[in-house]
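Trainee: Before we open the file, could you show me how to read the packing of a helix and the layout of a sheet?

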Amino acid sequence: MSSVSVESLIEKLKLTNLTPQVDVANIKIHQPDIIRPALQLAGYFEHFEETRTQIIGFVEYSYMENMKQEVKDEVYPRVVSEKTPCIIFCRNLRPDETFMEIAVKNNVPLLMTDMPTSAFMAEIIRWLNVKLAPCISVHGVLVDVYGEGVLITGESGIGKSEAALELIKRGHRLVSDDVVEIRKVSDETLVGSAPDITRHFIELRGIGIIDVKTLFGVSSVMDTTNINLVIRLEDWDKEKKYDRLGLEENYTEYLGNKVVCHNIPIRPGRNLAIICESAAVNHRQKKMGYNAAQELYQRVQNSLTNPREED
């Protein structure tokens with residue numbers, strides 16, 4: 001199961017730790033969902049997901065300020081459960097001493113941010129969804145071409161890294177070579193990234209490892225990109241029929257999400273970089289509503305139904 005430490009959450013979202021005596025490095029968050037414990041503070045604990053990260057906004061804080069001490073003594077221990085990874089107070093609001101004492105006793109870190117509650121909730125949900133998304137690793141090269149994330153796959157030695165290097169020389173950006181980590185952040189979006197150990201490196205047979213960021217500058221790399229298109233390179237097979245019109249899209253599937261896929265036959269002398277560029281631009285054009293194959297098909301149909309009159 002994927003997890004992220006509370007320590008990394010504090011670092012990423014620039015949170016203030018109100019309970020430094022609690023070891024946040026060993027506390028993990030396992031789900032991206034959050035909860036605002038308004039009903040729980042009022043005493044209703046049915047369907048209470050105590051394993052979620054809790055957010056305290058101004059409304060909850062105002063209610064807590066008006067609670068009687070005997071009610072706090074009864075409700076707080078149930079809200080601040082030992083299973084809760086952390087509780088975050090927005091708008092620089094600080095918990096009272098009773099809440100602090102129970103949190104330290106149950107080893108629950110209390111954090112604080114100056115952000116408004118709604119804005120902070122949107123940010124933490126977005127970040128947790130990416131970090132805790134289902135993830136797989138695939139063999140391939142991921143390059144950002146004209147704003148389209150292009151995943152180049154194929155057998156070892158077929159020329160994926162060489163194609164990526166030529167694309168980088170032409171001004172596009174490398175995300176990952178050899179191993180691509182794919183995360184499903186939604187039913188529509190796949191995000192690709194590189195493992196930390198190989199980030200910004202390319203392996204070229206006969207040369208070895210090169211550092212793309214050092215050789216070509218920071219503008220030649222990026223950390224993540226959405227995967228919009230898959231190009232599968234394969235050896236040319238004269239017995240196989242290849243799509244020459246593109247009237248119908250072919251798809252491949254990762255983590256249940258379908259991605260447009262082109263099978264490109266490889267022969268000596270073919271410029272893979274230009275092919276990848278053209279595929280990316282054509283895919284982008286289709287998303288904008290223009291399909292060249294459909295346009296050609298329509299012209300042919302029109303010429304057949306409305307032949308020119310002979311002079």
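**Reading a helix and a sheet**

Mentor: Gladly; keep in mind throughout that this is a predicted model. A helix can be read by asking what its buried residues touch, and here the buried residues of α4 pack against α2 (38-41), β5 (53-56), α3 (58-65) and α5 (97-105).

Trainee: Which residues of helix α4 are buried?

Mentor: Buried means under 20% relative accessible area, and in helix α4, which spans residues 69-79, the residues that qualify are K72, V75, Y76 and V79. Seen down the axis of α4, these buried residues fall within an arc of 105°, so they line one face of the helix. On the other side of α4, E70 and E74 are exposed.

Trainee: Turning to the sheet of 6 strands, what is the order of its strands?

Mentor: The sheet is open, with mixed pairing, and its strands run in the order β11-β9-β10-β17-β19-β18. Its edge strands are β11 (173-176) and β18 (251-254), each of which pairs on one side only. Direction ignored, neighbouring strands of this sheet are turned by 35° against each other on average.

Trainee: In which sense do β9 and β11 pair, and over how many bridges?

Mentor: Strand β9 (residues 141-145) pairs with β11 in the antiparallel sense, over 3 bridges, and L142 stands opposite S176 in β11.

Trainee: Which strands does helix α7 touch where it packs on the sheet?

Mentor: Helix α7 (residues 160-169) touches β9, β10 (148-153), β11 and β17 (229-235), and its direction makes about 25° with that of β9.

Definitions and conventions: Residues numbered from 1 in each chain as written. Predicted model: local features only at pLDDT ≥ 70, side-chain atom pairs only at ≥ 80, totals over all residues. Heavy atoms only, no water. Buried < 20%, exposed > 50% of the residue type's maximum accessible area, 1.4 Å probe, protein only. Helix = DSSP H or I, 4+ residues; strand = E, 2+ residues; numbered from the N terminus. Arc of directions from axis to C-beta. Contact = heavy atoms within 4.5 Å. Pairing = 2+ DSSP bridges. Axes fitted to C-alpha atoms, helices over the stretch in contact; angles between N-to-C directions.
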